[in-house]
Amino acid sequence: MLRNRRRLVAWLLAGVVLAVVLTLYDADRTGVSDPKAAPSAAPSGALPDTATPAPTTTPGPTATPSPTAPPGTGEPSPAASATACTSPGACGYPDANSTGPRIALERHDTGNMSIKKDGTVIKGWDIRGSLDVYANDVTIIDSRITSTNWWGVNLRPGFSGLKVLHTTITAVPGKGPDNGGVNYAVSNMGGSSIEVGWCDISVFGNALSMGQGDLHDNYVHDLVAFRNQGGEWQHIDAVISGGGNKGRLTIRHNTLLNSTPVDKGSTAAVGLFADTGVVSSVVVEDNWLAGGAYALYGGGPGATGIRVTGNVFSTQYHPASGAYGPVTAWNAGGAGNVWKDNRMSDGRPVEPAS
């Protein structure tokens, strides 16, 4: 009798297990594999309503994308236009954190020093004075220059190959031979291009002065107004070119600020002027520009080969970037002149006056 009961219990248990297995098999066949029973995949290029986009990766020091639309893409998307570019550093442009010397410095009280040996390299110097270059292929790197002269670094006529890299160049307001005036942080009087890159430049009234050169990744700021010996306010520009150059001037990915008041000589962030000849062969690309009477002077009626592309005109000093507007003296009909993809820092497109 006991044996029969055990057999019955065993058969009952086996029946229960079989029923469960059959139920699970049927659910797997008719439920999960049924396209109506599971959410469909999101269309290509779209996210499901409940999905959270993956966070973007913050670029490192060598990856500093422009906040403006890439050349050739036309108008930015509505989202890009709605996002204001708040400051140079936050938007991938040079500032105090990405420019100047990268190593410890040793003090050198040079006074107004002349360099006359080709291939001279100055590295790691904290200079009290200025450098007058009468030599070829001179490199100044990872240094600091505090000048009481008209210039920080001056390349003399007949010489070439100057490089000024990762260097802080500043001056002492109220000093200098021209009644307290200080003028050029870096001046190219030579007959060929020079390179100025990753430099932190301040005080000098016309900070970067040249008709040809490669100016990139510099931070020009806190320029100081000054009077000449006749008592007149001198022009103040972060970059200035007087025209008549034979080579190319490239101004790319710099922060160029001119906060000085217009009634004290403030002229431009980039001033391309036909003072000594026709302005030609200039590239102004992917810069942060702010201040001056106009942020950019475009070379005037005879200017040719001027390419102004992908720049941000900041409103940090004036609602129109410059006191009177973002740009003037633009020659729209000049051969090779291109104006493209230039924006205000709030995303609005910038077009020269016709």
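**Cores, buried residues and aromatic pairs**

Modeller: In this predicted model, the largest nonpolar core holds 55 residues, and those touching the most other members are Ile 140, Leu 162, Ile 251 and Leu 256. A second, separate core has eight residues, among them Cys 85, Leu 257, Trp 288 and Ala 290.

Biologist: What makes a set of residues a nonpolar core?

Modeller: The members must be buried residues of the nonpolar kinds, which include Ala, Leu, Ile, Trp and Cys, and must be joined through side-chain atoms within 4.5 Å. In soluble globular proteins, nonpolar side chains tend to be buried together.

Biologist: Which residues does Leu 256 touch, not counting residues up to four places away in sequence?

Modeller: Leu 256 is in contact with Val 220, Ala 238, Val 239, Ile 251, Ala 269, Val 270, Trp 288, Leu 289 and Ala 290. Each of these counts as a contact because heavy atoms lie within 4.5 Å.

Biologist: Why is Asn 287 called buried?

Modeller: The relative accessible area of Asn 287 is 0%, so Asn 287 falls under the 20% limit. Asn 287 sits in the loop between β19 (280–285) and β20 (288–291). Not counting residues up to four places away in sequence, Asn 287 touches Tyr 93, Ile 251, Arg 252, His 253, Asn 254, Gly 310, Asn 311 and Val 312.

Biologist: What makes the approach of the Asn 287 side chain to Glu 285 a polar contact?

Modeller: The side chain of Asn 287 reaches the backbone oxygen of Glu 285 at 3.1 Å.

Biologist: What places Ser 147 among the buried residues, and which polar contacts does its side chain make?

Modeller: Ser 147 has a relative accessible area of 0%, and is therefore buried. Ser 147 belongs to strand β5 (residues 144–147). Its side chain reaches the backbone nitrogen of Asn 149 at 2.9 Å, and a polar atom of that side chain lies 2.7 Å from the backbone oxygen of Trp 151. Both distances are within 3.5 Å, so each counts as a polar contact. Beyond four places in sequence, the residues touched by Ser 147 are Gly 129, Ser 130, Gly 152, Thr 170, Ala 171, Val 172 and Phe 204.

Biologist: How many aromatic pairs are there, and why is the pair of Tyr 134 and Phe 159 given its particular label?

Modeller: The count is seven aromatic pairs. Tyr 134 and Phe 159 are 6.4 Å apart centre to centre, with 80 degrees between the planes. The centres are within 6.5 Å and the angle is over 60 degrees, so this pair is edge-to-face. The pair links distant parts of the chain, 25 residues apart: Tyr 134 is in the loop between β3 (125–133) and β4 (139–141), and Phe 159 in the loop between β6 (151–155) and β7 (163–165).

Biologist: Why are Tyr 134 and Phe 159 not called buried?

Modeller: Tyr 134 is at 30% relative accessibility and Phe 159 at 23%.

Biologist: What label does the pair of Phe 273 and Tyr 297 receive, and why?

Modeller: The centres of Phe 273 and Tyr 297 are 5.1 Å apart, with 55 degrees between the planes. Phe 273 is in the loop between β18 (266–272) and β19, whereas Tyr 297 is in strand β21 (residues 294–298), 24 residues apart. At 15% for Phe 273 and 18% for Tyr 297, both count as buried, because the limit is 20%. Phe 273 and Tyr 297 form one aromatic cluster with Tyr 294 and Tyr 324.

Notes. Residues numbered from 1 in each chain as written. Predicted model: local features only at pLDDT ≥ 70, side-chain atom pairs only at ≥ 80, totals over all residues. Heavy atoms only, no water. Helix = DSSP H or I, 4+ residues; strand = E, 2+ residues; numbered from the N terminus. Buried < 20%, exposed > 50% of the residue type's maximum accessible area, 1.4 Å probe, protein only. Polar contact = N/O pair within 3.5 Å; in protein donor to acceptor, adjacent residues only side chain to side chain. Phe/Tyr/Trp six-rings, centres within 6.5 Å; stacked < 30°, edge-to-face > 60°.
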